[in-house]
Amino acid sequence: MSFWIAQFLTGLASAASLFLVASGLSIIFGVTRVVNFAHGAFYMIGAYVAWSLTERLAGAFGWWGGVLLAAAAVAALGALAEILVLRRIYQAPELFQLLATFGLTLIAADLVVMLWGPDELVGRRAPGLTGSIALFDQMIPAWDLFLIVLGPVALGLLWLLFNRTRFGVLVRAATQDREMAAALGVNEKWLFTGVFALGVFLAALAGALQLPRESVNHHMDLRIIVDAFVVVVIGGLGSITGAFIAALLVAQLNAFGILLFPKISLVIIFLVMAAVLAVRPWGLLGRPDVAQRPPAATSARPWRPLGAAGRLAMAALALAAMALPFISGEYLVIAATETLIFAILAVSLHMLLSVAGVASFGHAAFFGLGAYGVALAVKGLGLGMGAALALAPLAGLVGAGLFALAAARLSGVYLAMLTLAFAQILWSIAFQWVEVTGGDNGVLGLWPTGFAAQPAGFYWLTLGVAVLVIGASRVIMFSPFGYGLRGVRDEARRAASIGVRPGLMRWCAFAIAGTGAAVAGALFAFLKGSVFPDTLAIPVSVDSLAMVLLGGVQTTLGPLVGAVAYKALSIWLLSQTQWSKLALGLVILAVVLAFPRGLVGVVNQWRDRWAKRPPGSGEHP
Amino acid sequence: MKFRKTMALAFAALALSGPAATAGEAQLSGEVRIGELNSYSTLPSFTEPYRKGWSLAVEEINATGGVNGKKLTVISRDDGGKPAEALTVANELLSREKADMLVGAFFSNVGLALSDFAKQKKIVYLAAEPLTDAMVWSNGNPYTFRLRASNYMQARMLAEEAAKLPAKRWAVIAPNYEYGQSAVAVFKKLLSEKRPDIEWVAEQWPPQGKIDAGPVAQAIAAAKPDAILNVMFGPDLVKLVREGNARGLFRDRAVVSFLTGEPEYLDPLKDEAPVGWIVTGYPWYDIKTPEHAAFLKAYQARFNDYPRLGSIIGYSAMHAAAAMLRKAGSTDADKLIEAGRGLSLTTPFGPITFRPADHQSTMGAFVGVTGVRDGKGVMMNPAYRKGEDYLPSEAEAAKMRPAGN
């Protein structure tokens, strides 16, 4: 019995840490609608700054003062980031801010290693709370008891702030209806900055309070960010109480789950999210989204197919691309092949994100299904390259089809997060099922054969497939089905009233996008000659999202341009510098600030200006 | 029109990498080129000392006339910490930088991907750090050599010590991925063979990098084991040690722990370092052999810092590569393989040989007991275990490799 109580208390302490990070994220999202990917980075910086301060400041006051000072300093940094970056792009398409915060995360990851060095840092423990207390013959660390009290206290303070202060009233008003609050004279700008700083303060405080438990290191950001998101989604976006309950649920299920299934930690949080969203599509305490903003891709300018000149240019470009192996070395050919594969992936995500208006944070699921499809076809069924390439996309089709059926009730960020859960569950299967997938050590020896054994041959094969996929995506985009999809995206109810079935349309979009991503994954398997669980992991999803956003989510050629720019740049940077993340982050930030509509979006704007036509008078190819 | 323009812009980024493709094409006949790649951005705490180690070796090699009368040039790259990115980099090293052989990698999966790549491209790859047994056995191939004492070897060294303990009830804490799984599997098998009387009472498999240490420590303690096998390392180890100490998990219990004695993992813990754990590691402060003393002096003079295990691995890997090239007298892959089989050289850890049958080096490891000295974690009474004593015979090893390799 005493053991169960101790395990419960331990779970409570874990929940408190999780809640502090998640609450800040939830507050920021609730008001600004920014999916703040940099939240984990602020958490990490909070820990680093607190480490530096507590090493220098002496005594109990010094330690606690250092922790609070660190959180305040990082909150100021967060406010600065909001003023310099986010404030300029609130008008950009939804999710575009995600790209900016992703850039910030990349910069922070390298910067902390530059500033604090490569070694992990173990900080001092809180004076007075270093020991443990015997409770029912079990030793409970005093720090855990502090955290157990801190959780509800933080919840109470936040409740008071939002329900009993003028600031809180304004924040809640802005959460409900931003435009209305602005119309009534609330200074939105500073309200947003204040909210963002508050959220960052909570993240940095949570990071600083990890000092007594763990070492400070440059992996902290990515380790916490996904968990924090999942907790926010389980609780219901914008609901702080929901986040509290969700953190409790996740931490306790983990604490007791590992007793029955010692390997459950890897997926428990995603299983909980999938289960909760199946019953409550808006999280535990969330409310149906009062869609304040149209989906990301809704554009004032209707899309138009390419004219004759545009088609000619496309064909010329494809022909020119065919000549690459004759004029460049092998490495460039291989790098170009990889870039083309990611262009296929980006185009498939664009079908979902831009054409159908459905965001996905887990596109890696379908990419990885294609890659493992190849591994299974070659190693399991003994098929050749051609047959494997033809069959593997079916894995993506089936996966996406089943997923879309299960996720039919969801929308918006909830749906996006469920795709993430789906990808993570697949990832953990690939990671765990060592007998079939080889686990972390992957499947080796999947090299292309015949004419494609040479890099040039495989490049031409990939180019051919890319032309087919991109061509097909444009045919679909401008078919009646494509117009129907955009109708559903922009006005689901009106589309339904003229006989278009939104559910069916979205299901088809998923199936198409999943198949496309699997085509890319299958080619990737042969390019690398191997498949690893990495193909299903979060960075692939994030990269594909970054490519589409970078190119311009409201455009038709954006994914192609975004993928080529992003992938070529990251391959090039990797070969040039150890600080490739920092460089990539800076480039992303520069692009975000200079071209808030993406690379292709901005070209459209320029053309409008040159043509002296008002924007929104139709897209030019 | 506009489309062509934007595409031209985008492709310009790709083309940027074109003009730089000069180094290899010049084909400087006066140098031997080694392509080196490792997880510099992902795991700097290991790879920064590793870089210093091989840099020192390159300086020494070139100061004494280079390799076969040619200057040794190392082209070093970050591998991104992922197999797919490492392969992109390996391609660059091979086709653009015209590397004569490849050296490096930290993660097992990166190492395996590179070894398969080496086989496909017929280039010799010397794996420096990756520990997985698959590298030289179940996935072994003629082009791959491995320097570091493998998972199996370290497990066997620790199992030997563990068998001497009176403990009968054993519990396991290991990271939930291939490294943890195979370390535990080998250790369990070897220990149970020596001690049929022991039983395995509890297991915890937290995700690597994300241990929720409180509940894990509590769950292990609830099983009341006499001894614990730990395979967690890095930030996970810190969390486990802190939570375990606070909850009395390690009190009156023997602990056997992989890698914990490496300065990379032991030093951050400072005075909170665990006491009395049986570990493998690198006690640079207590190794008195002349080979190591010479290395230590040169390293400290050059970098004004003490070496970590990464330094030893980087230093020895580069010397091993140079020895292979010297013995082959050529950069031809087949001749390099011939030279590598049975190649002997002296490292700071003493003499090692790359076994002809499985291409595994006989570099050993230090086994000792952790303690705290002057507020720092150290390995007490370290003893060097020679690699050859902890490997299966060459005939057995050859049987574990795929046919024809």
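View 1. Over all chains, the structure, a predicted model, holds 44 aromatic pairs. Rings of Phe, Tyr and Trp (its six-membered ring) pair if their centres lie within 6.5 Å; planes under 30 degrees apart count as stacked, over 60 as edge-to-face and the rest as tilted. One of them is the tilted pair of A:F342 and A:F367, with 5.8 Å centre to centre and 40 degrees between the planes. This pair links distant parts of the chain, 25 residues apart: A:F342 is in helix α14 (residues 330–355) of chain A and A:F367 in helix α15 (residues 364–380) of chain A. Helices here are DSSP runs (H or I, at least four residues), numbered from the N terminus. Buried means under 20% relative accessible area, exposed over 50%, partly exposed in between (1.4 Å probe, protein chains only).

**View 2. The surroundings of A:G521.** Look for A:G521 in helix α22 (residues 502–528) of chain A. Its relative accessibility is 0%, so A:G521 counts as buried. Leaving out residues up to four places away in sequence, A:G521 touches A:F367, A:G370 and A:A371; contact means heavy atoms within 4.5 Å.

**View 3. Rings and charges.** In chain B, one aromatic cluster is formed by B:Y40, B:F46, B:Y50, B:F106 and B:F107. The charged end of B:R51 sits over the ring of B:Y40, 4.1 Å from its centre. In chain A, A:R489 lies over the face of A:W303, 5.4 Å from the ring centre. A charge sits over a ring if NZ of Lys or CZ of Arg is within 6 Å of the ring centre and within 35 degrees of the ring normal.

**View 4. Where chain A meets chain B.** The contact takes 82 residues from chain A and 75 residues from chain B. How many salt bridges are there between chain A and chain B? The count is six, and in one salt bridge the side chains of B:E272 and A:R125 meet (3.8 Å, N to O). A salt bridge is a side-chain nitrogen of Lys or Arg within 4 Å of a carboxyl oxygen of Asp or Glu. Helix α24 (residues 558–576) of chain A gives the largest share of the side of chain A that touches chain B, nine residues.

**Reading the views.** Residues are numbered from 1 along each chain as its sequence is written, and chains are lettered from A in the order in which they are written. In this predicted model, local features need pLDDT of at least 70, side-chain atom pairs count only at pLDDT 80 or more, and totals for chains, interfaces and linings use all residues, while side-chain values use heavy atoms, with hydrogens and water left out.

Key. Helix = DSSP H or I, 4+ residues; strand = E, 2+ residues; numbered from the N terminus.
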